[in-house]
Each structure stands twice: as C-alpha cells, then as structure tokens.
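Subject: Structure for you to look at

Hello,

Here is the structure I said I would pass on. Please open it and keep it beside you while you read the notes that follow.

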Amino acid sequence: LESQLLYYLHTFRRANEQSKLTEDNILHYLDLGCYVINTTTAAVWEPKNEKEFDLPVEAIQFFRREQRDVVQFRPLIECLVTAVDIDAFTLDFIDESDGSIIEKAYFDISDKNEIFNRNIQALNKFYEMPIHANLVDIEILADGKYIPKALVIKPDHLVDVTAVAETFKYYGTDALLYMVNKFRQKESSPPLMIGNIANYFLDVLVSNPDAVYKELEPMIFHMSPIEFTLYDDQTVVDILRKIEIHFLHLQKVVKEDFVRLNIDRSKSYLEPSFLSRAYGLQGRLDMLHFDESTQRYDIIELKSGKPFRTNTYGLNNNHYVQTLLYDLLIKSAFGSKLKINSYILYSALDMDQLRYAPPVKAQQYEAMRIRNDLMTLEQNLGNTHLPESNVLSYLKLDHFPKASGYDKKAVEEFEKVYANLDIVEKAYLEHYVAFIAREQSLSKTGEHGLSNRNGHAALWLENMEEKEERFAILNNLQVIKNDAENDPPTLVLKRGIKTNPLANFRKGDIAILYPVDESLRGVLRNQVFKCTVLEIDEHEVTIRLRSQQYNHGIFRKYAHWNIEEDNMDSGFNTMYRSLYKFCISPKLYRELILTKAAPKVAVQGLSVEISELTKEQNQVLNEMIGAKDYYLLWGPPGTGKTSVMLRHLVEYISQEQKQNVLVLAYTNRAVDEICASLKSISPEDENLFIRMGSSYSCGEEYKSTLLRKRIVGMNRRSEISKLISNTNLYVSTVSSIINRTDLLKMKQFDTIIIDEASQILEPMLVGLLSHVKRFILIGDHKQLPAVVVQGESKTKVANEVLIERGIVDQRMSLFERLYLRCHEQGWEHVIGILSQQGRMHKDIMKFPNHYFYDDQLSLLSKLTRLSAEESYLVSDAHPWISERCIYIDTPVDSYYSWKTNDPEAKLTRRLIEIYQSEFISNNLMLTDGSLGVITPYRAQIAMIKEEIKDMDRVETNKITIDTVERYQGGARDIIIISLCTNKLSQLESLVSLSSEGVDRKLNVALTRAKEQIIILGNRKVLSDNPTYLKLIDSYFQLNYDDVINSIV
C-alpha cells in the first residue's frame, strides 16, 4: 500500500485503540474511516465502486502528516535499553558505540514502526532492564528524536531463520505455532525422506550436472536404510518414482535455468551458514552463488513439496519469508549495498521450478517483529513463577482460529494431551519446559562471572585477548590439504606462530570454521563452516565439514582461519519432544515415573548363579533379571557395574531369555567401554550386537559393529529387515537413539539398560523409556552429575505437588530422584547396591569411603593386591614413592591464566619422568593403564602436553591427560591430580556438591586410582574448603622443591 494510505490507516486504528474520539473530531474520523475502508478495499481487491469516496479538504488538513526534519540516518544502533515508557511508546537507550548519554527512541509512529508496539509492551511486561537490543534503519531528527524502522530484542540470542519463517502462513502470522513446533515428534515420513534425498541430488548435480539417476540409487538406499525398510513395497515404489522426477527436474534447473540466470556452479557454495547479531538470526542456506565481477549474490532455497495457497509471487508465504531473512543474513555479513537475487526451487513441479522471490523491506520488518515475539515466548517459558507466563495453557485451538491441516491437527492434539494431564503432570511439564528454556538461553548468551562465559555469543562479544585467555580459539590456521569436495569433506589446517598451543579443543568437538579478516567480528562478517574436529595435535588440525564444497574460492582467498566452539540447539529440542512423548505415554508409565504408583514386585524364585560373581553380585543380578517395571543399580567406583554386572545381565536376558535389549550411555567413550564389555561375552562373534551412531565418534575397534558397516553390500530391503530382526542386542548413545524413532518403530525392545544414568538429565530420558516394557538404570549419584549451566537458585523447585513427589531440584538426574524416592517409600525391591569394590587399594579407598560413602564400601576379598601391605613401587632415590597417597603443596600461578598453573605442569613432567624411570627399576612395564593425569581445565591439559612434548612420544602417548568429566568410568594404576588452584574463587567451580553434600568431582578424581595417587595444589587456597583440608591433611606431605629438583 502507498505510504499515505498506510499513514491514514494507522491514524484511524490508533484513534480507536487509544480512545482519541471526541465530539470535536468525531466527524473527521468518520470521514477518515470511510475513506480508508473504501480506498483499501479498492487497492487490495480492485472492486468496481459505483462511487468513489474522497477525503474532504477539512479532514486532509486535520490529519496532515507531521513533517520530520531528518538530519541523519543510521542503519544500525546496538544499544542497551534502560527504560520503557509504555504510554508514550518510547525507549530510553544507551548507544553502545558511545555510551555517554541516554537517548530516546520513538515508536507507534504511522507507516514507520507501529508494528513493533506489541514488542514494546512485551519489553515493559516480561523483561528486566537493562536489556540489549538493536535499533534498525534509524532516522535521527533535528530535535534529537530517534525514529527506528525496526527493533531487535536480545540480538545475542540467535533464532533460526526457519523457526521464524514457519510462523508465516497463507492467512498471516502465528507466533504461537513456534511453541507447538517445539513438541512435534520428529518422525520419518515419505515427504521428509524425499526432501533429504532432493537436497542430496542438488549437491551431486552442482558437482556433476551429467550425473545418472540409476547410478545414485544404491547411495540413496544406504542414506536411509531403516526408513526404506519400514515402508511397504508400494510406498517404496512411490518414493523411488517421485525422487526420480525430482532428480530430472533438478538436473534441468542446473543445466538450463542456472545457465540462463548466469548462476555459475563453480562459484557456488553448498549449505553455507551465517550468523547475524544485527538481526538476531542464524541460518543455513541450501546454495549461495557469488559473482565477483558483478558483486551479485544468488540465494537458492530448495523445497521438495509443491507450493500451496501461494502469495502474489507464486510462493508459499513461509518459503518466501525464509528468503527475505536469508537476504538479511547476507547483507549483515557482506554489506547492505549488495545486489541479491533470491529464488525458491520447487523440485516437485513439472515446470517453472525456479521462482524469483523479490525482497520487500516491509515484510522483513514484519519478520523481525515475529522474531521478537518468539524471544518473548522463550522469555515466558523460563518464568515458572509468573502465572501469566504459562504459555502452554494458551496452546488451544481457540487461539489458532485460522490454523488448518497439519498445524490444526498438532494444536488439537496438544490441547487434548495437556487437558488430560493431572495437576502433578502439568506442573512437571511446565517446570521442566521452563528449565530447558533457561538452559538453552544460557547456552546462547551466557552469564557474567569469573567462571562463566558468554555462551555462543562469545563468538562475537569477546575479543581475541579474551578468547585466548579462555583458550577458546584456534587462530591463525592455514589450510594445507583441501579435500572439501570429497566424501567425507575434510580440511587439514596447520597451526601458525600465533596459534595458542594451549587452546581447548579435542577430537570430536563440534566447531565453527571462519576466515580471518581485518574486522573485529570476523565470525559475523563471513560465511562460516560448521565442522567436527577429527584429529588434533601440536602441528595440525583435521576437520570434517558438514557438507561437501566444490568451490574452493574462499579457501584460496583467505590465508588464515579460526576455529571456535559451536553451539547446538538439537539437544534442547530433543528434550522438549521427550517431555511431550512422556505426556502422551500410558497413564501407568507416567505414574511410575512420578512415583505415584509403586513398581511391581520382581519375579520370585530366580536362581541364576554365575560362579565368577560374588554372593552380593549374584543377588543383584537375579533382582535385575526379575524386575518388572524398572530397577536402579547403584554402583560406587570399582564395583564392576559395567564390566561385570551389565555384561552378565545382558548376556542372560539377550541369550537365555532372547529379549530384545537396548544398551545406552551418555558419551561415546562410555559406549566404547560397553562394547568392550559385551565383546567379552563372545569374542569370536562379530554379529553379537549392532551399534548405532557415527564412525567419527566410535572407537576404531568397534567400527565394524556400526549399522552402516553391517549393511555394506546389502541392496535389498529384505536383507536389512532380516538383519534388524535377527539381531536382538543394540548399543548406542542416548542422543543417537532418541532421534532414531525409525528403529524404535521397527524393533520392539523388551529392556533398555542405561549405564552412567546419573549423568543424564531427566527430560532426556522420560520420553525414550516409554517405548519399552521395563528399564534398568545403572549409576552412582555420588559421582558426576549432568552438566547444568543455571545455578541452584533457578533449579530448586518451589511447587509443593512436585516436592511431594521428590522433585526438588531439576539438576538431579532421573536415576538419583527415583533412587532417593524409592528408598524413602520403602520400595527396596527395585534398588540394588554394589558395596564390594575391586579397583582401589585400601589406603586410596579410605578417604572417599568414609567421607562420600559412609563407610559402606569393602574390598573384594579375592583380589589380594587391594589389601597388600607392601608398596607398589620402591626406590632408594625417591623413598616417597612407596607411599600410596601423596600431597604436594604447589605455588599459585597468575602469570598466564587462572586456568593454568605452570609450576604444576613442570612438576607433572618431573613426576612422569620419575615414574618412567622407577617402572624400569621395579621391573614393570609402562602401559596405557599405568599412569594418568587429571586436571579441571582443558587449558591445563594443553599446558601439560606442551610441557612433555619433547619427551619420548611412544611413552607419553600411553599417558591419558584429561578432565575429571572425561575420566569417569576409567581408571589407572597411578593418578596425578593437578588441581590448578590459583585463587579462592576457583573453589566454587572446582566443587560439585550432591543433594547429600558429597563433592562429586573430587570423589571421581580420587577413585580413578588403583595403586597410588598424587595431588598437586596450593594449600592456602584448598584449605578454605573443609573437605579438601581434611584430604590433604590425611595424605603424605611431599615438598615441591624436593621433587622438582630431584635427579632422574
């Protein structure tokens, strides 16, 4: 609509909303109302009016637009909003580029920014001041007024472009659909499969337009083997017929339409990602073409469905908005003056597949407004203490009057499910949804404090010095091998002179790669590549890109690259869906989880006896085998909960009872250990179990068990179906299986066993466990908990109905909550305790047994080394080495960072040298299980590795240097703990107390040692903590200088 008409429309709207009608002006407003209705209908529907209505001259004069004297225009102001005047619709703000004075921004201005009124009201109602915001396209008037065209609330919280676009429908916008989409179950379907395959075709054809469909069919099959096996023959035939059509259409577009539009395949990037702090958005495009000679960008967004209820341009409204937001991302990165063409590629259409999507500024502003609405929904999700913030109770069909099809069905289902929940279940859902929302927000924007960081926003909020101080960046890298166009797409980068050797990265880390340029915020000014670290050493870093790249222009253009940690939303999305799955599960299951119903008594009369097990272990094994609903096995360190109990349980129920069994753990390292334990059941049987997951996160010796490896050579669905059917034992991480609903559909599991369950947050499990007849959780709530960023004040539960059910702290794992609750209710038949440990020598066990386990632990009598009186090592040169538990007081180090301690790193090297020498003297061989180093910080790991890099690599590679989190489940003969304590404030992050007051981090660290333990740390700092003071006073005291100056 024309600017003047928009002005009249909003003037009339505002007069009615704000009750501005009086006896003196009502006739003018009557004339204005008639005029805007007549003119708008004519402009939109073009009816043939018999009589046009003109606005009288008096009304024109009365409603004359105020002339603004614009003296300056600014495209963006990053600011801190300090106050909101809801009556005047103004914001007081401090310009972050200046910061000296408070300015005022004016909203509710016709044809300028009135669409942001609701955002202003939300700022006043739901947010605490001050708050970060961006003002966009600002006119600054002669009288000092700031008139922005748009507002971005909390710009450091990047919202995915797709999430915003999906709220745009043919009838308008509906931000609440964003909430409904959080809970939609992610299940395989033919349309979803076709979409994924179409994207694969586009990648292939950009590389090779002459590719032949029939040659790609085997690859298509192996992309989704279980999905194809799920469907009947006719469905598969239909899918294959449709995807061949998609292929031919895409081939035609690449060969003809791209050429016609001067889109050069060799100058295109596949699935490029962009981050925009300016607009609070992030997104990954399907394809981006750049013609350097004309400085023109072309955005190609592929859609495998057909357009339905299209807009003026023949595009679905949500697809169109997606391109508008991608347009903003490109301009945010490369500049607003660029020429950008956007296209939607509808591969299902028989003709006119590539459709132009023109940029419309007003629509982009509307999308920014919706993005702010989504931020407010996220803000409200985290506020369980505000009744008006309960978004879930608002998700009713009455509030979605125009919803249709899949959206309407999803809303109806949610409304029905939510209404059927009782008061406890509703409180449970609402509180855990709030917990997830707060945790996700912190992962994006972080919080301030010594031990805290800026979350994902650290990528642009922190300067290089701050990143270096946190060891959070691998900078100044050079590409020395480019295999980005291969499968898998990899790059090898060489460390430069400026690359920090102590940077905190390890194999398996999810990261972002971006080029180094002159800008301060390089990660926002360039395309970024999502990647995974495959290998890393002191010379090189090898990464795997998310998608293949056939255009190497960007790698030739930039000489140096940075790698930083990435943030993933997928884990939080999984927890939302898991909670909803819990809500739609059978009532009895929900009552069991909420401990409203007692678990059934186990099968009686079982007498399974394994000769190598103790009486206690055999008793627990029989209880687990006979458990009906669930069983909780508490296994303190060294009691054999994985290597002994899990192994024998799985062997019996899978081989004797022929149950379908799913064994899970939280980390891939833990899954590797499970695989090692299960392999011992039948070492020669290569087909004993199938492992789900990626080869990049799987131990080399277990890659042959991966599903993708097992189906190599299979080209028929019947072969895969037979493999799945005949295999009754599966192993996986929780995150890998929770998103494989296809396997859970195809295979009905009788028992799920989860190892290290005390490390997994409750919302991650409650949906998954509803798939099976019973579950067994194995863990130790006195060891490491799940990682939670928000503090105790946020996670403590105040709701009485939840407290009555034992839900008192949301950081608590499901294992711990059920264990404490069952113990409280006297349901001892589902609790098993292993009290005999076979790892630690009695002297090492003494402290954790007394202070952490209330003296419940005892030694396995058949292992005589546990109670041996003689020393593990003896030495005339180093007589202290005969002691089992040693403490060395170390100096603080404030030279480099509080997360490193150079004296401790040097002392660790000297101790390693001594042990290497004394192992030889004591006729012992140094193996992978002989010596380990534990330290709280990755930076200290890197410093220690830097310190020992010139030692014999063959020998030092046998020494594992890692954090306590990575050591849980493992053990070494000798453990050196470098506490790296430089200041008192570190104790807060060093200590992790359980609900029973047990320091779980210290417990895990101490119980990794079999024969000897040495603790390095500053006595003055550690003495401030009573537990550490008791610990170091109970150990043999060794002088720092005596060791560091000793001769090896």
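Two strands count as paired if DSSP finds at least two bridges between them. Keep in mind throughout that this is a predicted model.

Strand 16 (residues 473-483) and strand 17 run antiparallel and are joined by five bridges. The link between strand 16 and strand 17 is a hairpin of six residues. If you want a place to look, find N482: its bridge partner in strand 17 is L491.

Strand 17 also pairs with strand 20 (residues 540-545), again through five bridges and in the antiparallel sense. Here K494 stands opposite E540 of strand 20. Is strand 17 (residues 490-494) mostly covered or mostly open? Four of its five residues are buried, so it is mostly covered, where buried means under 20% relative accessible area.

Which strands pair with strand 32? One is strand 34 (residues 972-978), in the parallel sense over four bridges, and V933 has I976 of strand 34 as its bridge partner. Another is strand 33 (residues 960-962), also in the parallel sense, over three bridges. On that side I934 stands opposite D962 of strand 33.

**An open sheet with helices on it**

Five strands form an open sheet in the order 9-12-13-14-15, and the pairing is mixed. Its edges are strand 9 (268-270) and strand 15 (354-356), each of which pairs on one side only. From one strand to the next, the twist averages 25 degrees.

Within this sheet, strand 13 (residues 296-303) and strand 14 (residues 339-346) run parallel and are joined by eight bridges. Y297 stands opposite I340 in strand 14.

Helix 10 (residues 233-260) packs on the sheet and touches strand 12 (287-291), strand 13, strand 14 and strand 15. The direction of helix 10 makes about 55 degrees with that of strand 15. Helix 11 packs on the sheet as well, touching strand 12, strand 13 and strand 14. Its direction makes about 145 degrees with that of strand 13.

**Salt bridges**

How many salt bridges does a search of the whole structure find? The count is 65. Three of them are described here.

The side chains of D327 and K331 meet in a salt bridge, with N to O at 3.1 Å. Both residues lie in helix 11 (residues 317-334), four residues apart, which is about one turn of the helix. D327 is buried, with a relative accessible area of 1%, whereas K331 counts as partly exposed at 22%.

D373 forms a salt bridge with R118, and the closest N and O atoms are 2.6 Å apart. Because D373 lies in helix 12 (residues 361-381) and R118 in helix 4 (residues 117-126), the pair ties together parts that are 255 residues apart in sequence. D373 is buried at 10% relative accessible area, while R118 is partly exposed at 46%.

E538 and R953 also meet through their side chains in a salt bridge (2.5 Å, N to O). E538 lies in the loop between strand 19 (529-536) and strand 20, and R953 lies in helix 34 (residues 953-956), so this pair ties together parts 415 residues apart in sequence. Both ends are partly exposed: E538 has a relative accessible area of 28%, and R953 has 35%.

There is also a network: D422, E425, K587, R590 and K596 are joined by salt bridges that share partners.

**The nonpolar core**

The largest nonpolar core has 208 residues. Which of its members touch the most others? They are L151, M179, L392, Y428 and L1006. Leaving aside neighbours within four places in sequence, L1006 is in contact with I844, F847, F852, I977, I1013, I1015, L1031 and Y1035. One of these, I977, lies in strand 34 (residues 972-978), the strand that pairs with strand 32.

Regards

How values were computed:
Residues are numbered from 1 along each chain as its sequence is written. This is a predicted model: local features need pLDDT of at least 70, side-chain atom pairs count only at pLDDT 80 or more; totals for chains, interfaces and linings use all residues. Side-chain values use heavy atoms; hydrogens and water are left out. Helices (H or I, at least four residues) and strands (E, at least two) are DSSP runs, numbered from the N terminus. Buried means under 20% relative accessible area, exposed over 50%, partly exposed in between (1.4 Å probe, protein chains only). A salt bridge is a side-chain nitrogen of Lys or Arg within 4 Å of a carboxyl oxygen of Asp or Glu. A nonpolar core is a set of buried Ala, Val, Leu, Ile, Met, Phe, Trp, Tyr and Cys residues joined through side-chain atoms within 4.5 Å. Contact means heavy atoms within 4.5 Å. Axes are lines fitted to C-alpha atoms, for helices over the stretch in contact, and angles run from 0 to 180 degrees between N-to-C directions.
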